[in-house]
Every structure is written in C-alpha cells, then in structure tokens.
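Let's take a walk through a protein model together. Keep the picture in view as you read, and try to spot each part as it comes up.

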Amino acid sequence: MNRDPVPKSYSGATTPVCLTLTSLSILLVNEFFGYSQYVKPVTKTLASLGFLYLGVNYGLVNSDQGYYVFIGLILSAIGDVMLLSLKPHFFQIGAFFFLLAHLMYCGAFITTGISVKWFLMSIVVVGPAAIIVWKYVLPYTSGLMRKLVITYSIAISWMMAFASGSYGYSGKSWLLGAAFLFYISDLFVARQRFIKRCFLNSLCGLTLYYAAQLMFAISPAIDF
C-alpha cells in the first residue's frame with residue numbers, strides 16, 4: 001500500500017550517488033596500493049551512508065515493497081561494517097546481517113507478486129549454482145562457518161528465485177538486475193574470504209555490491 005507519492009525526478013540522486021561512488025573509488029585505490037588501514041572503514045561507511053541517503057530521498061519507506069528494501073539496505077550497511085574485521089566471529093555476524101538483508105529483499109519481491117513459472121525456472125538455475133558454490137567453498141570451512149555458508153547460499157538463491165518470479169509477474173527488470181549484481185558480488189566475497197585473496201575480488205565484489213545497493217535504493221523512481 002503506497003503511503004505518499006514517490007518522487008520521479010533524479011535530481012535527488014546526485015549527492016548520495018556521488019558520495020557512494022567517490023568513497024568506493026578511494027576505497028579501491030587504497031586496496032590496490034595499500035596506503036592505510038584506516039581508509040577502508042571510513043570509505044565503506046560513507047559509501048553505505050550514500051545508498052541509505054538515496055533510499056530516504058526516494059521515499060523507500062512510503063510503500064510496502066520499499067519498506068522491505070530499506071530495511072535490507074540498513075542490514076547490508078551493518079553487515080558491511082562487520083566484514084571490516086578479519087576475525088571469524090565478526091565475519092559470521094556480518095554474514096548473518098547480510099543473510100537477513102537477502103530475506104528482506106525476498107519480502108520486497110513477494111509484495112510485488114510472484115510468477116510461479118519464472119520462480120520455478122529460476123530454481124532450476126540457482127539450485128545447481130548453489131551446489132557448485134558448495135563444492136568450491138565448503139572444503140575451506142568447518143563447524144559453524146560451514147553451516148553459515150550453506151544457509152547463506154540458500155538465502156541468496158531464494159532471493160534470485162523470488163526476484164525472477166517478481167520480474168515474471170510485473171515485467172520490471174530493474175530490481176532483478178539489482179538482485180543479480182548482489183548475488184554475483186557475494187561470490188567474489190566468498191572467493192576473497194575462503195579461496196584466494198586478491199585485488200580482483202575486491203574490485204568486482206565491491207563495485208557490484210554498491211551498484212546493487214544504489215539500484216535497490218533508487219528503485220521507487222524506476223518504472224522498468
């Protein structure tokens with residue numbers, strides 16, 4: 001149920017988008033050259049504030065779907081801060097917040113309406129993809145971390161399935177694109193954390209992640 005009109009102008013996007021993209025650029029340069037350990041927490045926090053600011057500007061909380069999306073953005077921002085630490089328990093807490101964010105996005109897609117046909121077709125794709133991820137990631141995990149990886153991969157698979165079902169119902173591809181970018185960014189995070197640490201993971205993972213959050217945040221103003 002819509003509560004207030006949603007702005008359709010993109011003028012309110014300039015400042016928050018520039019804040020996120022500028023912070024991301026500084027973050028990536030610092031990651032590549034390794035200038036300072038203090039740059040990462042500052043730039044990631046500012047980048048997250050950017051997409052939260054964008055969501056507020058575009059009235060996410062003024063609709064049922066947007067409310068779920070905005071809560072997802074908040075949970076993502078908290079999760080991203082937790083991932084700043086290399087300590088396993090902080091990573092687990094961060095992953096848990098991201099898991100909740102994916103569930104919020106699932107809720108947003110469900111409020112739009114779901115095409116059962118598209119939902120099931122997506123399951124056929126993301127199901128085997130999850131199994132492939134388990135094959136490559138699980139050997140590097142054990143105990144609680146292993147259970148978390150399994151649960152998280154199921155959650156992101158469900159998010160993609162619901163995003164596809166929502167697209168099949170509404171014909172709008174913007175949120176499907178946002179979900180897909182978020183999904184792929186998680187794969188780079190897993191590769192960075194469990195398999196091989198390299199700048200390529202940071203470059204792709206962070207860029208896709210922040211692009212996805214910006215797309216979610218501005219979604220009320222997008223009609224396709």
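This is a predicted model: local features need pLDDT of at least 70, side-chain atom pairs count only at pLDDT 80 or more; totals for chains, interfaces and linings use all residues.

The side chain of K40 meets the side chain of E31 in a salt bridge, with 3.9 Å from N to O. E31 is also partly exposed, because its relative accessibility is 26%. What's going on in a pair like this? Side chains of opposite charge can pair when their charged atoms come close.

How many salt bridges does the count come to? It comes to two. The other pair is K44 and D80, whose side chains meet at 2.9 Å, N to O. Are K44 and D80 buried or exposed? K44 is buried, and D80 is buried too.

## The nonpolar core

Now look inside. The largest nonpolar core has 57 residues, and the members that touch the most others are F51, L73, Y105, F109, M159, F182 and F216. Helices α1 (14-33), α2 (39-57), α3 (64-82), α4 (88-112), α5 (116-137), α6 (143-170), α7 (174-195) and α8 (199-217) each supply at least two of the core's residues. Which helix gives the most? That's α6, with ten residues.

Setting aside residues up to four places away in sequence, Y105 touches V69, G72, L73, S76, M159, F182, Q213 and F216.

Helix α3 has 19 residues, and the distance from its first C-alpha to its last is 28 Å, close to the 27 Å expected at 1.5 Å a residue. Its buried residues are G66, V69, F70, G72, L73, L75, S76, A77, G79 and D80. What covers them? The cover includes α2, α4, α7 and α8.

Just after α6 comes G171, which takes a positive phi of about 80°.

## Residues in the loops

L60 sits in the loop between α2 and α3. Is L60 buried or exposed? L60 is buried, because its relative accessible area is 1%, and buried means under 20%. Leaving out neighbours within four places in sequence, L60 is in contact with G55, G66, Y67, V69, F70, L73, F216, A217, S219 and P220. M145 is another story: L60 and M145 are 85 residues apart along the chain, and their C-alpha atoms are separated by 33 Å.

Next, find G113 in the loop between α4 and α5. G113 counts as buried because its relative accessibility is 12%. Which residues does G113 contact, apart from its neighbours within four places in sequence? They are G165, S166 and Y169. G113 and A217 are 104 residues apart in sequence, and 19 Å lies between their C-alpha atoms.

L99 lies in helix α4, and L99 is buried because its relative accessible area is 9%. Beyond its neighbours within four places in sequence, L99 is in contact with T151, Y152 and A155.

G127 has its place in helix α5, and G127 is partly exposed because its relative accessible area is 27%. L99 and G127 are 28 residues apart in sequence, with 17 Å from C-alpha to C-alpha. As for G127 and W158, they are 31 residues apart along the chain, and their C-alpha atoms are separated by 9.1 Å.

V29 is found in helix α1, and V29 counts as partly exposed because its relative accessibility is 40%.

Conventions. Residues are numbered from 1 along each chain as its sequence is written. Side-chain values use heavy atoms; hydrogens and water are left out. A nonpolar core is a set of buried Ala, Val, Leu, Ile, Met, Phe, Trp, Tyr and Cys residues joined through side-chain atoms within 4.5 Å. Buried means under 20% relative accessible area, exposed over 50%, partly exposed in between (1.4 Å probe, protein chains only). Helices (H or I, at least four residues) and strands (E, at least two) are DSSP runs, numbered from the N terminus. Contact means heavy atoms within 4.5 Å. A salt bridge is a side-chain nitrogen of Lys or Arg within 4 Å of a carboxyl oxygen of Asp or Glu. The expected span of a helix is 1.5 Å times one less than its number of residues.
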